[in-house]
Amino acid sequence: MNRRPIFIRILLLCLLLVASGVDGVRPLSSAHAQPLPLEYQVKAVFLYQFLKFVEWPPQAFHATNQTICIGVVDDGSMSSALQSVEGKEAKGRRVVVKRFKKLEDLEFCHILFISSGLEGRMTEILDRLRGTSTLTVSDIDGFARRGGMINFITVENKIQFEINVDAAERAKLQISSHLLRLARIVPEGR
Amino acid sequence: MTRVIWILVLTWGLIVGLAYTSALAQQPPPDLTDLSLEQLMSVEITSVSKREEQLWESAAAVSVITGEDIRRAGVKSIPEALRLVPGIQVAQFGSNRWAISARGFNATFSNKLLVLIDGRTVYTPLFAGVFWDVQDTLLEDIDRIEVIRGPGGTLWGANAVNGVINVITKQAKTTQGGYLEVGGGNEERGFVGTRYGGRIGDNLFYRGYFKYANHDNLVTATGREAADDWRTYRGGFRLDWEPSTRDTVTVQGDLYKGDFGQTLPIPSLSPPFMVSSDSRDDFAGGNFLTRWKHKMADRRETTLQFYYDRTHRDELLFQEMRDTVDLEFQYRFPIGTRHDLIWGVDTRVTIDSIDNNGSLVFTPTHRTDHLVSGFIQDQIALIPDRLTLTLGSKFEHNSYSGFEAQPNARLLYSPNDWNRVWAAISRAVRTPARFERDVRVNAAAFPVPGGPTTLIQMKGNSDFTSEELLAFELGYRVQPSEWLSVDLAGFYTIYDNLRTSEPGIPIPVMGASPPHIVQPFLLDNRMSGNTYGVEIASTWHPVSFWRLHLNYSYLKIDLHPDATSVEGTQDQRRSPRHQVQARSLLDLPWHLQFDAAAFFVDRLPKLEPTVPAYLRLDLRLGWRPTKAFDLSLVGQNLLDNHHPEWAGIFGVPVKPTEVQRSVLVQASWRF
């Protein structure tokens, strides 16, 4: 039995598969939404749910503007995932998603999601938000202990969250007991 | 056989192709926005979680076996768990012995595979390889086993030539409360394992474990019991302390002991020239490791790690006592937004003391070996989020071959969210083991008509040097949807200075009784060669309650002993050319799980005796009525009474033992 041909045949088959697959992906995927990691899809819906279980002080809302805002800084995955909640309703207001390219562009949002890629600038962002009533949410390790409010953590492939109640209270936010019951309450670290 | 393979591969192609298109067709994800908080919290994000993202983004052939995979495979040891990894060959040839390798050159001591448990290397510098029987922990505590096929020398150092296996245990934080498992069967005669984890204050988590296992004999080809049953006892602890949000300190350790039987062929100068000796042997040891990780702002991170490992083996042919101390420091820092640098230094001292039996002698009997190394690696975002180049090298100095450099270059291209293409060129070395320098072992004796008996003696060689390789790799990963992923890797590797044994000048020993002639064979480096192959791993998750894995690997080895060498090319067919693994994990109603795994391993014609191809089938039925209780029934090797997977020790033919059909029942509680 000649050996080389079988190897080449297998390789060819693989290449064929891959090539056909790749070519197949392009036209189809442009018709559908880009596949997103489920993790972000779930986290995006969490952000939407948080809108319902947190009370902002009245001055956080424009009387005239019937919107409630989720902000996200420079994160492709979360920013796309938030499309699923954009335009929905929460607290009788329409959800808008603001995508900030740079930190300098940051405006007030009821919730701000800080992606783990921004870990290095976390302190800077939190400093910037001090004195506003922004609910800060992130999946940076130890975010809630380090002064953030809600921290997504992954436990056995499921998304759970930690809440730093003190930080939320400082921003005059009231978190419903329902949300607190589901969360791990963490103290502030250094 | 080739036809069977071809059909298997075609079927695989068809399944994946169909899955691919059907996955694309069902592209729009379900609307999650109607889920409540509680429902959201119970959604499994099995696809791209944080650590799997690392795998997805790595420019190397990487696979991960999770703790859940191990549990659902029903295996009871780390070597058996490695059967689940695509492209890894696992061959059991004694109840406590395995030959395990990646990308060829499998042997009793597969010297081209580096194995680490929680950052502690368990590769023995005595033989260059792994004593698998002492590499264990409570399997329930294993978080994952990361396997890198191909060279990992730049980060992990010498001997990470054809692969690196990292066994990583869970953090104490995630193993809180009590756990107890008991079980037994015809091959795993009885085992019990227990663990308790707790916390002190807010930031200190701990756990301790103990396990005992009693393993049955394998059988000989004729079905007779081999005398190789074994028992192990082990216990250990782990502490994880987070003194601040930036620091984590881990302290862990294990103690173990055990005893085992083996039958060894010992050459003798008078008829029958080879006697089988049954021996009852034992091992014991312990290790202690501590690691401090400090995270700074801007993704800077330092790690300082120290470990101490003591191992003792008392076998018929040799006794080894070895102490190893290792200190390692790593610093990772970004420069601007484009560069992510990591450098580290490592120093290791290993001190051994070996008592010899006459037929296996190490000279000198004590040795202290040093290893000093440093590495630097830069990950450069050539085009942010699109094209990443990783450049780095390890530089080390060891007591045997002196200075070694192991550079690599890796490129990762990310055209979009669901495709990754990578390529790599690396140089790696396998440094000499103590065995290759200092051993003298009687391999065989045979009568010469009309003359004195000839004794074949394998001898170490003080000129034995490192084996080298240059590897070219190419890989492609695709995840067209949440439910399907395919991972392809191809490689071409050039080896040089491979180990051979070459005849020396015969020495007549006339004064001895009986008079004989010693024919020495000196270990040398007179072979080059190349290997190429592909490894394909695919996962299909068509519905939330069913997951399928299908893996295939192809390997071709061509060896070329140089003109002055008498070495044969046995290694060419000591590793299977084709391997196929298929696994199905199914969640059923009434808290039942039904899991099946089939493994096809190609024949090994260059072993003595030849090992035929085999197909292995494992089934598991699990029942988990509550989160706290788990009952499972496992059958392994169900297709035949017994079959061989390997033969031969150090090239010496032995009476091979065969793996038997096994059934076991296990119950576990959490409290």
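Predicted model: local features only at pLDDT ≥ 70, side-chain atom pairs only at ≥ 80, totals over all residues.

Reader: How many disulfides does a search of the whole structure find?

Author: The search finds one over all chains, where a disulfide is a pair of cysteine sulfur atoms within 2.5 Å. Cys69(A) is joined to Cys109(A), with an S to S distance of 2.3 Å.

Reader: Which parts of chain A does the pair tie together?

Author: Cys69(A) lies in strand 2 (residues 67-73) and Cys109(A) in the loop between strand 4 (93-100) and strand 5 (111-114) of chain A, so the pair ties together parts that are 40 residues apart in sequence. Helices (H or I, at least four residues) and strands (E, at least two) are DSSP runs, numbered from the N terminus.

Reader: Is Cys69(A) buried or exposed?

Author: Cys69(A) is buried, at 4% relative accessibility, and Cys109(A) is buried too, at 1%. Buried means under 20% relative accessible area, exposed over 50%, and partly exposed in between (1.4 Å probe, protein chains only).

Reader: New topic: which residues does the cis peptide bond with omega near 10 degrees connect?

Author: That bond runs from Pro271(B) to Pro272(B). Pro272(B) is in the loop between strand 13 (247-267) and strand 14 (274-295) of chain B. A cis bond also joins Thr363(B) and Pro364(B), with omega about -5 degrees. Most peptide bonds are trans, and most residues other than glycine have a negative phi.

Reader: What is the phi of Trp590(B)?

Author: Trp590(B) is not a glycine, yet its phi is positive, about 55 degrees. Trp590(B) is exposed, with a relative accessible area of 70%. Asn637(B) also has a positive phi of about 55 degrees without being a glycine, but Asn637(B) is buried at 4%.

Reader: And where does Asn637(B) lie?

Author: Asn637(B) is in the loop between strand 33 (629-636) and strand 34 (642-643) of chain B.

Reader: What is the order of the open sheet of three strands?

Author: The order is 11-35-34 in chain B, with antiparallel pairing; two strands pair if DSSP finds at least two bridges between them. Strand 11 (219-220) and strand 34 are the edge strands, each pairing on one side only.

Definitions and conventions: Residues numbered from 1 in each chain as written. Chains lettered and ligands numbered in written order. Heavy atoms only, no water.
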